[in-house]
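Please have the sequence and the coordinates at hand while reading.

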Amino acid sequence: ISAQGRSFLFRGGSSLRSSWPELKSSGSSLNRMQPQEDTKRVQRLQEKDCEVESIVAHSKFAVVYFLHQDGNNPGWRKANLEGPVYIVRRRSQPRYQLWVLQQQNNVLPDGQSDLIDTLRAGWELDCQKNYVFYKVEETQAKIRGLWFHDDAERQRMEKSLEGVLSEIRNSRDQIVDERPTKAPADAHVVQASGNHMVQDQHFSQFGSPAASQDSVVVTKASLRQALHALVDDESFLNGVMQKLKEKSPQ
C-alpha cells in the first residue's frame, strides 16, 4: 500500500465516518447458526458455486466501499454493493473466500454483481469500530472497506478473518519450510540447458535430482509461490507490458 493509501486505510474510518449511510439493524446476526439454517444457506450458496462446503462466518448486511488512490480527489467511494457477507470454505482451491452478495440489481465496474475475494496469505487487514479494511494480493485491486452497523458483528467477522488468514499462513509456511529432500511423486525436475529449460524425465531412477547443480525440483506449491512473487515484481510486470507493446500491431 502506498503511503497515501495506508494513510487512508488507517484513518479512513474516522475521517469519513459522517459519509457512511445510517442503517437500521435488528441486532447481531453473526452468531453461530442452527444446523438446519446453516444447511439452507450453504445450499443457496452452492447454487452460485457447487464447490462451497461450509460457512465459516456470516453477517446479514454490510456496505462495500473501495479506496480510490488515483486522481486529484482520492478517498473512499461507495461500490454500489450492499448485502450479506459470508466467509466460505470450499472443497477445492481456492479453499477460503469472502463473499458479499448483491441485494439489489446493481453491477460492479468489473461487470460482476457480487464481490468475491479469495483469502490468501498476503492479505493486509485493518479493523476499526464498524469497519473492516483489507487489501488483497492482486496489486491492481482497490483496497476494500466493509461497513457494519453493529460493531459486535464487525468484531466477530474480524476474528473469523484473522483465524482463517492464520490457518492459511501457517499452512503455507509448513509447505515452504518442510520441503522434502527428494522430489515428490508429482514433482517435475527441470534442468537448465543453455537458454532453454528442458524437463529431464530420467532423474527419478537415480534418486535425488540434486545430482546436477543446474536442476531444481518444481512442485505445485513452489510454482504457485514463484508466480505470486513475479506478479508482485514491478520490474517484471513492466517488462511484460513492454513486450506486449512491441508485439502489438502499430
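## Polar contacts of D114

A polar contact is a pair of N or O atoms within 3.5 Å; within protein, one must be able to donate a hydrogen and the other to accept it, and residues adjacent in sequence count only if both atoms are side-chain atoms. By this criterion the side chain of D114 reaches the backbone nitrogen of Q102 at 2.8 Å, and the side chain of D114 also makes a polar contact with the side chain of K48 at 3.1 Å. D114 lies in the loop between β3 and β4 (115–118), where helices (H or I, at least four residues) and strands (E, at least two) are DSSP runs numbered from the N terminus. D114 is buried because its relative accessible area is 15%, given that buried means under 20%, exposed over 50% and partly exposed in between (1.4 Å probe, protein chains only).

## Basis and overall make-up

The model is predicted, so local features need pLDDT of at least 70 and side-chain atom pairs count only at pLDDT 80 or more, whereas totals for chains, interfaces and linings use all residues. Residues are numbered from 1 along each chain as its sequence is written, and side-chain values use heavy atoms, with hydrogens and water left out.

The secondary structure comes to five helices and 10 strands, and buried residues make up 36% of the 250 residues in the protein.

## The largest nonpolar core

A nonpolar core is a set of buried Ala, Val, Leu, Ile, Met, Phe, Trp, Tyr and Cys residues joined through side-chain atoms within 4.5 Å. Of the 26 residues in the largest one, V64, L98, L119, W123, Y134 and L146 touch the most other members. β1 (52–68), β2 (75–90), β3 (96–100), β6 (131–135) and α3 (151–177) each supply at least two residues of this core, and α3 gives the most, with five residues.

## The nonpolar surface patch

L227, L230, F236, V240, M241 and L244 make a nonpolar surface patch of about 510 Å². Patches are made of residues with over 30% relative accessible area and no salt bridge, like charges being joined within 9 Å and nonpolar side chains (Val, Leu, Ile, Met, Phe, Trp, Tyr) within 5 Å; a salt bridge is a side-chain nitrogen of Lys or Arg within 4 Å of a carboxyl oxygen of Asp or Glu.

Helices α4 (220–231) and α5 (234–247) each supply at least two residues of the patch, and α5 gives the most, with four residues. M241 has its place in helix α5, and M241 counts as partly exposed because its relative accessibility is 46%.

Methods. Areas by Shrake-Rupley, 256 points an atom, 1.4 Å probe, with all protein chains shown as cover.
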